[in-house]
Amino acid sequence: MKTNLTILASIILGVVVLSSCQKFEQSSYYVANDPVYTSYEEHRNAIENDNDRNLEKPGKIFLYNNYILINDYETGVHIYDNSNPSTPTHVAFINIPGNVDIAVKDNLLYVDSYIDLVAIDISSPTSVKEVYRLENAFSYTIPSTMDP
């Protein structure tokens with residue numbers, strides 16, 4: 001009986017020793033943000049029409065006359081012609097880095113652009129002009145690392 005027990009113990013010990021030789025691979029995935037650095041001068045000269053842009057992260061919506069203005073989170077504002085509400089048509093996209101909020105009065109689009117308050121003439125949406133910029137109007141905050 002002792003021999004059978006010794007053989008059984010040897011088999012179990014062999015299985016345990018051989019199974020412990022298996023390599024277990026463990027993968028870890030991390031999400032990181034890569035910083036993009038621009039000077040204040042580059043940032044402040046970036047407001048322009050870029051009409052080939054698709055709406056990716058819709059934010060605030062503003063109705064003005066026959067237009068629908070939709071903020072594209074931290075990238076700018078899309079302008080749609082809403083003359084025919086059943087089929088609004090895309091008219092323009094205004095590139096405004098860091099834009100989150102919008103308001104309109106008398107053909108002036110008021111937007112935030114990171115730390116600045118900017119007034120943009122939208123009387124001709126396909127060729128907008130920056131009319132006024134109040135620099136450092138808002139406190140500097142680090143952009144969110146999460147999508148809205």
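Which residues does His 78 touch, not counting residues up to four places away in sequence? Here are some notes on that and on a few other spots.

1. First, a caution: this is a predicted model. Now to the opening question. His 78 touches Arg 53, Asn 54, Leu 55, Ile 68, Leu 69, Ile 70, Asp 72, His 90, Ala 92 and Phe 93, once residues up to four places away in sequence are set aside. You'll find His 78 in strand 4, which covers residues 76–81.

2. Is His 78 buried or exposed? Its relative accessible area is 0%, so it counts as buried. Its side chain still has a polar partner: a polar contact of 3.0 Å joins it to the side chain of Asp 72.

3. Besides its contact with the His 78 side chain, Asp 72 in strand 3 stands opposite Pro 58. Strand 2 (residues 58–64) and strand 3 (residues 67–72) pair in the antiparallel sense, over 5 bridges. Another pair to pick out is Phe 62, whose bridge partner in strand 3 is Leu 69.

4. Strands 2 and 3 make a hairpin, with 2 residues between them. Have a look at Asn 65 in the turn: its phi is positive, at about 50 degrees.

5. On to the nonpolar core. How many residues does the largest one have? It has 15, and those with the most contacts inside it are Leu 69, Ile 94, Leu 109, Val 111, Ile 120 and Ile 122. The elements giving two or more residues to this core are strand 4, strand 6 (102–105), strand 7 (108–113) and strand 8 (116–121). As background, nonpolar side chains in soluble globular proteins tend to be buried together.

6. Ile 94 has a list of its own: with residues up to four places away in sequence left out, Ile 94 touches Ile 47, Glu 48, Asn 49, Thr 75, Gly 76, Val 77, Ile 79, Leu 109, Ile 120, Ile 122 and Val 128.

7. What Asp 121 does have is a polar contact of 2.9 Å between its side chain and that of Ser 123. Leaving aside neighbours within four places in sequence, Asp 121 is in contact with Asn 107, Leu 108, Val 128, Lys 129 and Val 131.

8. Elsewhere, charges do pair up: the structure holds 6 salt bridges. One of them joins Glu 135 and Arg 44, with the closest N and O atoms 3.6 Å apart. Glu 135 lies in the segment after strand 9 (129–134) and Arg 44 in helix 2 (residues 40–44), so this pair ties together parts that are 91 residues apart in sequence. Glu 135 is partly exposed at 45% relative accessible area, whereas Arg 44 counts as buried at 15%.

9. Arg 133 and Asp 116 form another salt bridge, the closest N and O atoms being 2.8 Å apart. Arg 133 sits in strand 9 and Asp 116 in strand 8, 17 residues apart. Both ends are tucked away: Arg 133 is buried at 13% relative accessibility, and Asp 116 is buried at 0%. Which residues are linked in a network of salt bridges? Arg 44, Asp 116, Glu 130, Arg 133 and Glu 135 are.

10. Last stop, Arg 53, in the loop between strand 1 and strand 2. Arg 53 forms a salt bridge with Asp 50, with the closest N and O atoms 3.2 Å apart. Arg 53 is partly exposed, at 26% relative accessible area, and Asp 50 is partly exposed, also with a value of 26%. Leaving aside neighbours within four places in sequence, Arg 53 is in contact with Thr 75, His 78, His 90, Phe 93 and Asn 95. The C-alpha atoms of Arg 53 and Asn 95 are separated by 9.1 Å, with the two residues 42 apart along the chain.

How values were computed
Residues numbered from 1 in each chain as written. Predicted model: local features only at pLDDT ≥ 70, side-chain atom pairs only at ≥ 80, totals over all residues. Heavy atoms only, no water. Helix = DSSP H or I, 4+ residues; strand = E, 2+ residues; numbered from the N terminus. Buried < 20%, exposed > 50% of the residue type's maximum accessible area, 1.4 Å probe, protein only. Polar contact = N/O pair within 3.5 Å; in protein donor to acceptor, adjacent residues only side chain to side chain. Contact = heavy atoms within 4.5 Å. Core = buried A, V, L, I, M, F, W, Y, C linked by side-chain atoms within 4.5 Å. Pairing = 2+ DSSP bridges. Salt bridge = Lys/Arg side-chain N within 4 Å of Asp/Glu carboxyl O.
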